[in-house]
Amino acid sequence: MNGPATNTLPSAAGIGLRAPHYREVLDTLPALGWVEVHSENFFGGGAPLHTLFRVREHYPVSLHGVGLGLASVTPLDAGHLSALARLCADVQPAAVSEHLCWSAADGMVINDLLPFPYTREALDHVARRVDQVQERLQRQLLVENLSSYLSFSRSEMTEGEFLAELTKRTGCGILFDVENLYVNARNLGVDADAFIKAIPAAAVKEYHLAGYSMRDGCLVDTHDHPIYPEVWDLYESVLRHIGPRPTLIEWDTDIPELAVLMGEAAKARQRLEAVEECHAA
Amino acid sequence: MLHDELSHFAQAIVHGHMPSPRIRQAYADYSAETALGVYRNNYRGNLHDALAGAYPVIKQLVGDDFFRFLARQYIEQHPSRSANLHHFGLELAGFIATFEPAKELVYLPDVAALEWACHVAYFADDGDVLDLNALAQVPPERYPDLVLHTHPSCHVVRSHYPIAAIWHAHQPGASEDFHIDLDGGPGYALVSRKDDIVQVSELTEAEAVWLQGIQAGARLGDATVTTLEHYPDFDLQATLLKLVAQNTLANFNLEKTP
Amino acid sequence: MEKQKMLTLAIGGLLALGLAGTASAADKKMDMEQCFGIAKAGKNDCSSNKSAHSCAGQATKNNDPMDFVAVPKGTCDKIAGGMLKAM
């Protein structure tokens, strides 16, 4: 049997590949470091999987899950995990990630990414489940920090401390969503610098960037805008402290022309290259 | 502790209950109620969008506002059970059949059943391809013992109304200037997937009956004889050519002569 | 006997088509391209929903003003006999 699969994403800029761009990407094969897709959209095989196989011939693919519910208080969904394992075996992705969130309780399934209190109890719970997933997939899972609109008074640590402890216990990696951190800083008053210092740089394997929108004073993670200047600034700060990593442009709502996403990816690439030169010097 | 807290939170999102007092109440620029509103909106919005993705024809037939109203009632009665949104919407045809505000659109439940079959066909596994070389090796006297297998995407939807015509009139690129007469007799819509495209075509009643027999595992000889008893005009050759052209037949095996 | 003849003809037709079937390979490329035109968007994603005004609202308020627009207003008016008289 093969050993655990490793993460092989290049330290370059990629885009979230969505259905409106499948055809153009396959026809024109633009210069992209890699692409990321949502795992669940390829469960069950069929037509979508055929497209993904063709994409896979040209680009490293990262599988980004939204449904595993690492913190859900229902048993880990065996069918869901099997579908993910099968997809991983078929696609041989360069990275596999999930969110630090929950989505099911007491028979209710909420198809969203929900926050929970960062307690010792939750840490034990999530660590057990991350172990289970990594064991099943025979590879490192990247766990993404969440954008939240509310927080819990019972939290015993910050999200950054929680993630740091989680990587130590399970060996999982971190998918650092810079925009999510920015949203939390603005919404919840999270200390962005403290978060950057709390997570171990070596565990960070990927960055995400996206645009948010505003609703009644709350920043909502809608992935429907270009990356805002403040988020670029935060990204630069993250690059200086943690170093260059594969960086993804996410756009999921009101998806623009591919050229717009390529433009955003180029901006990320410039910043990545600048910091790589610094590191080399 | 964690369980109670998340359960409370879920109730607040799904059933509009008051949130747990353990949720922080004050934020710099908005209230806890605003934050909960975002989550409630996500919950219903994501399910609405999943339903709209699976049922684009129903949405066009009833219009966006009515579809939103219908989706909202459906979500109340049939909440999500899966972390994969593509599973959401399985019971819509049955729901519409009992949905008072839509009762005048008598064909709507059948169109919904057809759309769900298309949705499932899109994600269905690949089947075997009919191996004509292997078929050529079968001696003709064994043809009655052939058991034909259909492609996993293949599904027949039966209706009193011309649902295949309704479906086609609502596909991208179809003329907006259409008129469909509901009194055209019963319709049998065949759903299949070929080269990643989900297709809908019409079957005659004889073809539908024959295919149902085949899908139930009947041998070619028996299914054909049974069909001919009721439909003397049934044309097996034309039917087979049509089904193969649509990638509906996967593979076959030979059953022992009884 | 009649049945055997019919089956032989039908399967024979299928096999004949199979021999000629390689000719359709040229059409296949076009079909493959076509399929991207109708690629169905996956519904699982990790962004927050944008439809703020359409879907918000508490589940407990069932008798809200939505009930006033509960009349289908789409292409259903092009389907004759679809709008039966209310009983």
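The questions below go from the conventions to the domains, the chain interface and the salt bridges.

Trainee: What kind of model is this, and how are residues, chains and atoms treated?

Mentor: Residues are numbered from 1 along each chain as its sequence is written, while chains are lettered from A and ligands numbered from 1 in the order in which they are written. Side-chain values use heavy atoms, with hydrogens and water left out, and local features need pLDDT of at least 70, side-chain atom pairs count only at pLDDT 80 or more, and totals for chains, interfaces and linings use all residues, since this is a predicted model.

Trainee: How far apart do the C-alpha centres of domain 1 and domain 2 of chain B lie?

Mentor: The domain assignment of chain B gives domain 1 (1-105) and domain 2 (108-258), with bounds that come from an automatic or database domain assignment. Contact between them, meaning heavy atoms within 4.5 Å, takes 18 residues from domain 1 of chain B and 13 residues from domain 2 of chain B. The separation of their C-alpha centres is 35 Å.

Trainee: How many residue pairs in polar contact does the rule find across the interface of domain 1 of chain B and domain 2 of chain B?

Mentor: The two domains of chain B bury about 1,400 Å² between them, 74% of it on carbon and sulfur atoms, where buried area is the accessible area (1.4 Å probe) that two parts lose on being put together, summed over both. Across this interface the rule finds zero salt bridges, a salt bridge being a side-chain nitrogen of Lys or Arg within 4 Å of a carboxyl oxygen of Asp or Glu. A polar contact is a pair of N or O atoms within 3.5 Å; within protein, one must be able to donate a hydrogen and the other to accept it, and residues adjacent in sequence count only if both atoms are side-chain atoms. With both residues at pLDDT 80 or more, the number of such residue pairs is five.

Trainee: Which element gives the most to the side of domain 1 of chain B that touches domain 2 of chain B?

Mentor: Helices (H or I, at least four residues) and strands (E, at least two) are DSSP runs, numbered from the N terminus. Helix H3 (56-62) and helix H5 (92-97) of chain B each supply at least two residues of that side of domain 1 of chain B. The element that gives the most, with six residues, is H3(B).

Trainee: Which element gives the most to the side of chain A that touches chain B?

Mentor: Here 47 residues of chain A are in contact with 44 residues of chain B, and the area buried between the two chains is about 4,000 Å², of which carbon and sulfur atoms give 57%. A:Asn111, A:Tyr149 and A:Leu150 supply 16% of the area that chain A buries against chain B, more than any other three residues. The count between these chains is two salt bridges and 20 residue pairs in polar contact, both residues being at pLDDT 80 or more. The element of chain A that gives the most, with seven residues, is E6(A).

Trainee: Why does the salt bridge of B:Asp125 and A:Arg86 join two chains, and how far apart are the closest N and O atoms?

Mentor: B:Asp125 lies in the loop between helix H6 (108-123) and helix H7 (132-136) of chain B and A:Arg86 in helix H3 (residues 78-91) of chain A, so the pair joins two chains. B:Asp125 is partly exposed at a relative accessible area of 34%, and A:Arg86 is partly exposed at 41%; buried means under 20% relative accessible area, exposed over 50%, and partly exposed in between (1.4 Å probe, protein chains only). The closest N and O atoms of the pair are separated by 3.0 Å.

Trainee: Is A:Asp224 buried or exposed?

Mentor: The side chains of C:Lys50 and A:Asp224 meet in a salt bridge with an N to O distance of 3.3 Å. C:Lys50 is partly exposed, with a relative accessible area of 37%. A:Asp224, at a relative accessible area of 6%, is buried.

Trainee: By about how many helical turns are B:Arg68 and B:Asp65 separated?

Mentor: B:Arg68 forms a salt bridge with B:Asp65, with 3.2 Å between the closest N and O atoms. Because they are three residues apart in helix H4 (residues 64-77) of chain B, the separation is about one helical turn.
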